[in-house]
Protein chains: 6
Amino acid sequence: MAIFNMIEENEATGKVKEVYEDIKKKRNVKFITNFWKMLANEPDTLERTWNSLQQVMKKGALDEMTKELIYVAVSMANSCEYCIKSHSIAAKKQGASKEMLAELIAVVSMANETNRLVEAYQVKVDSIYE
Amino acid sequence: MAIFNMIEENEATGKVKEVYEDIKKKRNVKFITNFWKMLANEPDTLERTWNSLQQVMKKGALDEMTKELIYVAVSMANSCEYCIKSHSIAAKKQGASKEMLAELIAVVSMANETNRLVEAYQVKVDSIYE
Amino acid sequence: MAIFNMIEENEATGKVKEVYEDIKKKRNVKFITNFWKMLANEPDTLERTWNSLQQVMKKGALDEMTKELIYVAVSMANSCEYCIKSHSIAAKKQGASKEMLAELIAVVSMANETNRLVEAYQVKVDSIYE
Amino acid sequence: MAIFNMIEENEATGKVKEVYEDIKKKRNVKFITNFWKMLANEPDTLERTWNSLQQVMKKGALDEMTKELIYVAVSMANSCEYCIKSHSIAAKKQGASKEMLAELIAVVSMANETNRLVEAYQVKVDSIYE
Amino acid sequence: MAIFNMIEENEATGKVKEVYEDIKKKRNVKFITNFWKMLANEPDTLERTWNSLQQVMKKGALDEMTKELIYVAVSMANSCEYCIKSHSIAAKKQGASKEMLAELIAVVSMANETNRLVEAYQVKVDSIYE
Amino acid sequence: MAIFNMIEENEATGKVKEVYEDIKKKRNVKFITNFWKMLANEPDTLERTWNSLQQVMKKGALDEMTKELIYVAVSMANSCEYCIKSHSIAAKKQGASKEMLAELIAVVSMANETNRLVEAYQVKVDSIYE
């Protein structure tokens, strides 16, 4: 009774098929992961998300590994299991070590604690930060 | 009618005074920011948080700038204004450029969008990620 | 070692039994779903929640389908899987199509992205909005 | 250009006036706080919320002070400034000391850190907890 | 000491200027709001967000007013003040009445309560929903 | 393909082994739960978290049961299943009854509703709370 089902590669046509082909080519992978196969339920969202991710995650002032690490950090803050897993693997592909990921977890968790301390004590912004 | 007030430097005694001195020395700053002055309402939390932050944020497998960027990213995900401001400045001190912070914002925001797409479509974890 | 177990229909007595009967009658369903069977651990909460939901979700200035769509949107923002599933089905019963739900997901996810952009850039409220 | 304005006591009629009177009587206060004056924009929500709060917050297996402390803790987890302030004061009226509130903050913040550690490391539920 | 400042209309050049002109034309407004003036710090994000919003928010299976209402609901769930204000006004422009917005608030808040009830009681998904 | 695996007791050496022994002794338990076995991937985080929890959760102005109840409440607000389960059991060990936990859930859920009402209506802090 699921409302949405994955659009498998052999079911893909038109824009969905094009995006699937582009993902496989650009990422040099042999198959499409579940994320894209669910987004394919709305081809415009599939295409837009794929294009946006390419723009946002490409090397710029920040390198690709750092961007993936930030992606993992946000996914942890949002408790998104799928996102933590897939972007941790992406970070590893970009060169992140297990030690880096363990330290990342420590930073994310500590930030969560001090974020809450700030809110709980309702700390006013220092004049030097304004 | 605020329940907690800041413990100003000239009011600090004992453990609070020691931590204040240590912060100023180790960070090479001339005054204590509001965050610490609120935590000082509970000296054990003040001391523990200061010690934990030093341990967590010191250079390890990840360099200090990357750790500060991750701190900023989590603070953005949690919408903590004070934390965004203070850690953005800390990141800049560690060498982060304005361009890096702008790209960070793009990654954080995009991650928030795809985190939600994953949850909304209830994407199952791919067997290759298990 | 679960702390709470579901109160099954054949175990229901008193206020719980009355609410169960009322749910089945008003919703024209043959059995009680797990949500209510867990709430029944505290009969006052069961009754209050059932009464509140009837008041909040009834047709008013907004029609019932739109209310269910909003319920789904909030459940997505909160990543509550049970709530997404049960209210998506409720929305479908009120006439929501699969296309509507796919567009809803796009709006929810986009809103999550721009909400974060606003927080990250700390956008000030425009004077025309005050 | 605010969409909703507070319904002041001298503007209150019908159900709103009744609820206002009931709040002042039961809480033994001389005026209505802003929370209720905003809810009054929808009299049904005003009445329902007032009735629900009385039921939920009354002494039961948990005493009233503990309930207010839990309310404060959740408000801190949700970063709701108004709620932190108003329920901290309510907790104080029920006998909570400043020391209790400072310890509460430490627990809330620590819980936020370990909650995130659990999510980040994707800790599986121990079989003894199932 | 703000890290980012708004790019005012008279400072806009190139891609930023083009997007500003397009927003004013398509939305039939005389000036650019703060959201866009902050995004302009990263022209690619400005352009991508503007294009994405147009795609996501245009009439489809859901009408434009319903989409704006959903945007408001998510912004409330995320406690984004700027977003609540700007999209409430957008919803009103699309025909949403004050009564609709008051009912929306009731639904959003009720959904937040039951979402938490589900998580707290760890309600299992009913087999009929699978 | 998990990035982190649990460090089992028979694999523990050095600091990890010491912390494991200390947990078993101080908590009077026969084995280490999964939470600690995952944290052990980074011994410093393991040790720091164990020390912090002992400091934060020990009897002070608030008794240990109340602290555990607050821990459960925050874990519910954060939807952390593992944390809800493990700290509910800890609260029971400290004397919390099933009735107390059911009332706790009602307070947490109600707080979530009114927190959102406050944000949605953008209620201004009353001057008496300032």
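## Confidence

Chain A has a mean pLDDT of 96, and 99% of its residues reach 70 or more; pLDDT is the predictor's confidence in each residue, on a scale from 0 to 100. The model scores ipTM 0.96 and pTM 0.96.

This is a predicted model, in which local features need pLDDT of at least 70, side-chain atom pairs count only at pLDDT 80 or more, and totals for chains, interfaces and linings use all residues. Residues are numbered from 1 along each chain as its sequence is written, while chains are lettered from A and ligands numbered from 1 in the order in which they are written.

## Domains of chain A

Chain A is divided into domain 1 (1-58) and domain 2 (61-130), with bounds that come from an automatic or database domain assignment. Taken over C-alpha atoms, the centres of these two domains of chain A are 26 Å apart.

## Where chain A meets chain B

Let's turn to the contact between chains A and B. Chain A puts in 52 residues and chain B 52 residues, where contact means that the C-beta atoms of two residues, placed from the backbone, lie within 7 Å. On the side of chain A that touches chain B, at least two residues each come from α2 (34-39), α3 (43-57), α4 (64-77), α5 (81-93) and α6 (98-121). Helices here are DSSP runs of H or I with at least four residues, numbered from the N terminus. The most is given by α6(A), with 16 residues.

By class, this side of chain A has 31 nonpolar, 13 polar and 8 charged residues. Nonpolar covers Ala, Val, Leu, Ile, Met, Phe, Trp, Tyr, Cys and Pro, charged covers Asp, Glu, Lys and Arg, and the others, Gly among them, are polar.

The same surface serves both copies, as 100% of the contact residues of chain A recur in chain B. Copies are superposed by least squares on the C-alpha atoms of residues with pLDDT of at least 70 in both.

## Where chain A meets chain D

The contact between chains A and D takes 16 residues from chain A and 16 residues from chain D. Helices α5 and α6 of chain A each supply at least two residues of that side of chain A, and α6(A) gives the most, with 11 residues. The residues on this side divide into 8 nonpolar, 4 polar and 4 charged.

Chain A superposes on chain D (RMSD 0.0 Å) by a rotation of 180° with 0.0 Å of shift along its axis. The two copies are thus related as by a two-fold rotation axis.

## Core and a partly exposed residue

The largest nonpolar core has 275 residues, and those with the most contacts inside it are Ala73(A), Ala73(B), Ala73(C), Ala73(D), Ala73(E) and Ala73(F). Such a core is a set of buried Ala, Val, Leu, Ile, Met, Phe, Trp, Tyr and Cys residues joined through C-beta atoms within 7 Å. Not counting residues up to four places away in sequence, Ala73(F) touches Ile70(D), Ala73(D), Val74(D), Leu104(F) and Val108(F).

Glu81(C) sits in helix α5 (residues 81-93) of chain C. Glu81(C) is partly exposed, with 17 other C-beta atoms within 10 Å; a residue is buried at 20 or more such atoms, exposed at 12 or fewer, and partly exposed in between, with C-beta atoms placed from the backbone. Leaving aside neighbours within four places in sequence, Glu81(C) is in contact with Gln122(B) and Val125(E).
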